[in-house]
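Here is my note on the model. The points cover strand pairing and then the ligand site.

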Amino acid sequence: MQSNMEKSETAYIAATAQIGEDCVIGKDVVIHHNVILYPGTKVGAGTEIFDGAVIGRPPKGAGNLVHEIEKTFIPVEIGESCVIGCNAVIYASNKIGDNVLIGDCASLREGCEIGNNVVFSRLCTTNHHVVIKNDAKILDATHITSRTIIEEEVFVGTGVNTTNDNRMTIRGSEVGEANVIVLKRGCKIGSGATLLPNVKIGEYAIVGAGSVVTKNVEEKSKVMGAPAIIKG
Ligand SMILES: CC(C)(COP(=O)(O)OP(=O)(O)OC[C@H]1O[C@@H](n2cnc3c(N)ncnc32)[C@H](O)[C@@H]1OP(=O)(O)O)[C@@H](O)C(=O)NCCC(=O)NCCS
């Protein structure tokens, strides 16, 4: 454990946790066994981080990633009263709001922004630079592709897949700033649905379980099936 961290007197850190230099640990924080906080991580008051979670891991490819990784990162910031599950892996440059639940074995790639009161359940993953706004709920084993924007009060069921490379390229990719999935405020995505690259789901729209969404969905409409079409 490093001595130059800033730690509230009421915070508890298990003996096996590894706290990097210059971390800031707020009031009543609980950090369980084998947690690793990379240098500079900030943990807000009342947050509890369960066994084995890794916070601030820098991304590192093995020369074969299609997305060029930034050279510099900022330390992770976790808000107040959050719960971070066992073995969760939160990469560098993530900012997490207050009252957020990150489930066991969930993983957030670098550069994501997570709002307040978000649920990101067990085994969920994001790719890099995803935005998830306040009160969104994303259930177990869902994958959120890079640069996706998920607005307030969106519900995403279990095992949903979002995609961003239509041609499934091995070298290079067609993924760009413009190729972004957006889930607008209050929409609901049923379990097991797959969203193809670039689709926008309108406000308060509903996507049925198991659907394959190939094009934009109008606000307040209900689509289902493969390909998903309006029904009801
Ligand atoms: C899409 C959904 C909301 C529709 O509910 P609904 O409006 O009550 O629809 P109904 O059950 O009355 O079914 C209407 C029709 O749509 C069909 N249908 C319903 N859900 C469907 C789906 N997911 N995919 C394809 N067709 C579907 C029904 O077979 C029925 O067809 P019919 O008129 O030919 O008989 C619901 O079926 C659904 O998929 N909910 C998501 C559940 C979920 O994943 N929850 C996450 C919790 S973990």
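Which residue of β9 does Ile 36 stand opposite?

1. The model is predicted. In it, Ile 36 stands opposite Val 54. The strands concerned are β6, residues 36-37, and β9, residues 54-57. They run parallel and are joined by two bridges.

2. The next pairing. β9 also pairs with β12, residues 89-91. The sense is again parallel, over three bridges. Here Ile 55 stands opposite Ile 90 in β12. Ligand shell. The residues around the ligand are Leu 139, Phe 155, Gly 190, Ser 191, Ile 206, Gly 208, Ala 209, Lys 222, Met 224, Gly 225 and Lys 231. By class, five are nonpolar, four polar and two charged.

3. Ser 191 has a polar backbone atom 2.7 Å from an oxygen atom of the ligand. For Ala 209, a polar backbone atom is 2.9 Å from a ligand oxygen.

4. Side-chain contact. Lys 231 uses its side chain: a polar atom there lies 3.4 Å from an oxygen atom of the ligand. The cut-off for a polar contact is 3.5 Å.

5. Ligand cover. On its own, the ligand has 920 Å² of accessible area. The protein covers 41% of that area.

How values were computed: Residues numbered from 1 in each chain as written. Predicted model: local features only at pLDDT ≥ 70, side-chain atom pairs only at ≥ 80, totals over all residues. Heavy atoms only, no water. Near = heavy atom within 4 Å. Polar contact = N/O pair within 3.5 Å; in protein donor to acceptor, adjacent residues only side chain to side chain. Areas by Shrake-Rupley, 256 points an atom, 1.4 Å probe, with all protein chains shown as cover. Nonpolar A, V, L, I, M, F, W, Y, C, P; charged D, E, K, R; others polar. Pairing = 2+ DSSP bridges. Helix = DSSP H or I, 4+ residues; strand = E, 2+ residues; numbered from the N terminus.
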